[in-house]
Amino acid sequence: MGSDAYARIYAVVRRIPRGRVSTYGDVARIAGLPGRARQVGYALHALDEDAGVPWQRVVNARGEISLRGDTGLDSLQREMLRSEGVLFDEQGRLDLDRFAWRPRRDSPKRARLGVRENRT
DNA sequence: GCAATGACGCTCT
DNA sequence: CAGAGCGCCATTG
């Protein structure tokens, strides 16, 4: 534990703006750990509550909350995201084309879809 | 050190 | 579009 990889992962997650989300695979890739999406899951699982890392902004590539329901964290994550303006459909999924965070380059396509601001 | 597990992802059906 | 299968690799028992 205490590995440098975890620190990189946390640093990337901290960069995700409020009202946006990223995926495990994207976080891994941005952190310089391509193909290690699962390690992102381990890192977030071992995370403390008061670590100041917005773990709720990380979802899987389907735009769905990937937590298992037995801990109750899945509902917590959905609530936190909803309070940030991230909307879920009836299938419990969010639209990655609208809410996915794309660092280093802002796609005009996404801007056209109305992501530039979150107004309830 | 081997086998099973998992907050994942991509491809094929 | 949904489900199943396979690949991936750090972590755990």
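R29 is exposed, with a relative accessibility of 55%; here exposed means over 50% relative accessible area, buried under 20% and partly exposed in between, with a 1.4 Å probe and protein chains only. R29 pairs up with D26 in a salt bridge, the closest N and O atoms being 3.4 Å apart. By salt bridge we mean a side-chain nitrogen of Lys or Arg within 4 Å of a carboxyl oxygen of Asp or Glu. Both residues sit in helix α2 (residues 24–30), and because they are 3 residues apart, about one helical turn separates them.

A word on the ground rules: this is a predicted model, where local features need pLDDT of at least 70, side-chain atom pairs count only at pLDDT 80 or more, and totals for chains, interfaces and linings use all residues. Residues are numbered from 1 along each chain as its sequence is written, chains are lettered from A and ligands numbered from 1 in the order in which they are written, and side-chain values use heavy atoms, with hydrogens and water left out.

Now step back to the whole fold. Chain A has 6 helices and 2 strands, taken as DSSP runs numbered from the N terminus (helices H or I, at least four residues; strands E, at least two). Their order from the N terminus is α-β-α-α-β-α-α-α. Of the 120 residues in chain A, 36% are buried.

One of the buried residues is S22, at 1% relative accessibility, and S22 belongs to strand β1 (residues 22–23). Setting aside neighbours within four places in sequence, S22 touches I16, V27, R57, V58, V59 and W101, where contact means heavy atoms within 4.5 Å. Across chain A, residues 24 or more positions apart make up 62% of the contacts with a separation of 6 or more.

Back to the charges: the salt bridge count comes to 4. Among them is D4 with R8, at 3.1 Å from N to O. D4 and R8 both belong to helix α1 (residues 4–15), 4 residues apart, about one turn. D4 is partly exposed at 47%, and R8 is partly exposed at 41%. Another bridge joins R82 and E79, with the closest N and O atoms 3.1 Å apart; this pair lies in helix α4, 3 residues apart, again about one turn. R82 is exposed at 53%, while E79 is partly exposed at 43%.
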